Amino acid sequence: MMKNNLFSHIFHAAFLIFMAMPLVAVIFMSFTSKGYMAFSPLDEMSLRWYYEVFNSEVYMEAFRTSLTLGIVSSTIACIISIPACIALAKYDFY
């Protein structure tokens, strides 16, 4: 088995940082109190945008729809997959 060298570890760490940075930037920008998108994590932090989202009927309806679809689809997946797993474990199909 081949072991990873130092370059491989550096490359993977850089890739993970590169992929995570947009998420970190959006999280920092969500705490701004300004009426526009600004990257100032330590200047005037507030929960204004979270308050706006949770008090908006449009976003809450979308959240309820997503939650309902997630629950229904995972329930259907469990109803189908659990008997299939039991059958595969119990019987020899080949």
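The structure is a predicted model, in which local features need pLDDT of at least 70 and side-chain atom pairs count only at pLDDT 80 or more, while totals for chains, interfaces and linings use all residues. Residues are numbered from 1 along each chain as its sequence is written, and side-chain values use heavy atoms, with hydrogens and water left out.

**Exercise 1. Salt bridges**

Task: Find the salt bridges in the whole structure and say which residues they link.

Solution. 
- Step 1. Apply the criterion: a side-chain nitrogen of Lys or Arg within 4 Å of a carboxyl oxygen of Asp or Glu. Side chains of opposite charge can pair when their charged atoms come close.
- Step 2. The search returns two salt bridges.
- Step 3. One joins the side chains of Glu57 and Arg64, with an N to O distance of 2.7 Å.
- Step 4. Arg64 also pairs with Glu61, where the closest N and O atoms are 3.3 Å apart.
- Step 5. Arg64 and Glu61 lie three residues apart in helix α3 (residues 57-90), so about one helical turn separates them.

**Exercise 2. Fold and dimensions**

Task: Describe the secondary structure of the chain and set its radius of gyration against that of a compact globule.

Solution. 
- Step 1. Helices (H or I, at least four residues) and strands (E, at least two) are DSSP runs, numbered from the N terminus.
- Step 2. The chain has three helices and zero strands, in the order α-α-α along the sequence.
- Step 3. The radius of gyration, taken over C-alpha atoms, is compared with a globule rule of 2.2 Å times the number of residues to the power 0.38.
- Step 4. For 94 residues a compact globule would come near 12 Å, whereas the chain has 23 Å.
- Step 5. The C-alpha trace spans about 65 × 50 × 15 Å along its principal axes.
- Step 6. Of the 94 residues, 7% count as buried.
- Step 7. With contact taken as heavy atoms within 4.5 Å, 0% of the contacts between residues at least 6 apart in sequence join residues at least 24 apart.

**Exercise 3. Phe93**

Task: Locate Phe93, classify its exposure and list what it touches, not counting residues up to four places away in sequence.

Solution. 
- Step 1. Phe93 sits in the segment after α3.
- Step 2. Its relative accessible area is 58%, so Phe93 is exposed.
- Step 3. With residues up to four places away in sequence left out, Phe93 touches Ala87 and Leu88.

Terms used:
Buried means under 20% relative accessible area, exposed over 50%, partly exposed in between (1.4 Å probe, protein chains only).
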